[in-house]
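I opened the model to look up core contacts, strand pairing and one backbone angle. My entries follow.

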Amino acid sequence: MELAVTTEQGRVPVTVLHVKGNLDSTTFLTFQNEAEKLISGGTQDLLVDLNEVPYMSSAGLRALNHIYNLLRAKNEDQATVTKGLVNGTYKSPHLKLLAPRPRVKDTLKMSGLDMFLDIRSDLKDAVAAF
Amino acid sequence: MRDNLIITRAAELDALAVFRGFIAQTCKQLGIADDVSFQLQLACDEAATNVIQHGYEGMNPGSIMLELQPGPKKITMLLTDFGHPFEPVETEAPDVDALLNDRPTTGFGLYFIYQTMNDVSYFTDERGNHLVLTKNL
């Protein structure tokens, strides 16, 4: 698996973490560590580009969930999240996913992460959504 | 007569990609749909990960064997290891509220196995621990 980081400027600066390769038990920690490094370095809004991820297992999902919680801990309060969940309108404002392939999207849906992680197919659209 | 569809690897994480590749290649040769192939790979991956990460705890690392048994209406995957027995139980979907609050959940692995396979069974005998995963075609 290869990782690359770029930045995009929308309403806020968005860090884009491009993942290339499978996200499974062998690779998820490298991915998670890179995201942690970005967050501890100041990243508040993270877009994970999954376009070149052919396969993701539960290990990749756990990493995404962990990253979600790191970003949320820094920026969100419980009341806002709970209200949005009850209304069915909540999506993480700080972690979004870009262009997962159909099989990876299936896995995201099966896990329920798609209920609170915004999935966008277009980079500009994704950046504008932050 | 079919080739012997068995592959054995050391119970290390590197085996996961090998097993997925073996399933993908076999399904392609047998004309099995990509969706089914993907679900078999995912279920195998989750089950094998459990064995690799927990099955040989406190023991010398052992091996893990994957056997594919294709039939006219179903394909069976048999995963055999020689570590600690671990009988899987069907789990609910991980609770979203727990995921959102970083609380422990039942985990995705077993849930994925039961979601993707039509039948899951497990037995242990003198030849090891056997997880039998069946997918209808």
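I count two residues as in contact if their C-beta atoms, placed from the backbone, lie within 7 Å. This is a predicted model, in which local features need pLDDT of at least 70 and side-chain atom pairs count only at pLDDT 80 or more, while totals for chains, interfaces and linings use all residues. Residues are numbered from 1 along each chain as its sequence is written, and chains are lettered from A in the order in which they are written.

Core. I looked up Ala48(B) and found that it touches Ala15(B), Leu16(B), Phe19(B), Ile64(B) and Leu79(B), leaving out residues up to four places away in sequence. Ala48(B) is also among the residues that touch the most other members of the largest nonpolar core, with Ile67(A), Ala43(B), Cys44(B) and Ala47(B); this core has 60 residues. A nonpolar core here is a set of buried Ala, Val, Leu, Ile, Met, Phe, Trp, Tyr and Cys residues joined through C-beta atoms within 7 Å; buried means 20 or more other C-beta atoms within 10 Å, exposed 12 or fewer, partly exposed in between.

Strands. I took strands as DSSP runs of E, at least two residues, and helices as runs of H or I, at least four; strands pair at two bridges or more. In chain B, S3 (residues 74–81) runs antiparallel to S5 (residues 128–136), with eight bridges. Asp81(B) stands opposite Asn129(B) there. S4(B) (residues 119–125) is also antiparallel to S5(B), through seven bridges, and the two form a hairpin with two residues between them.

Which residue other than glycine has a positive phi? I noted Ala99(A), with phi near 50 degrees.
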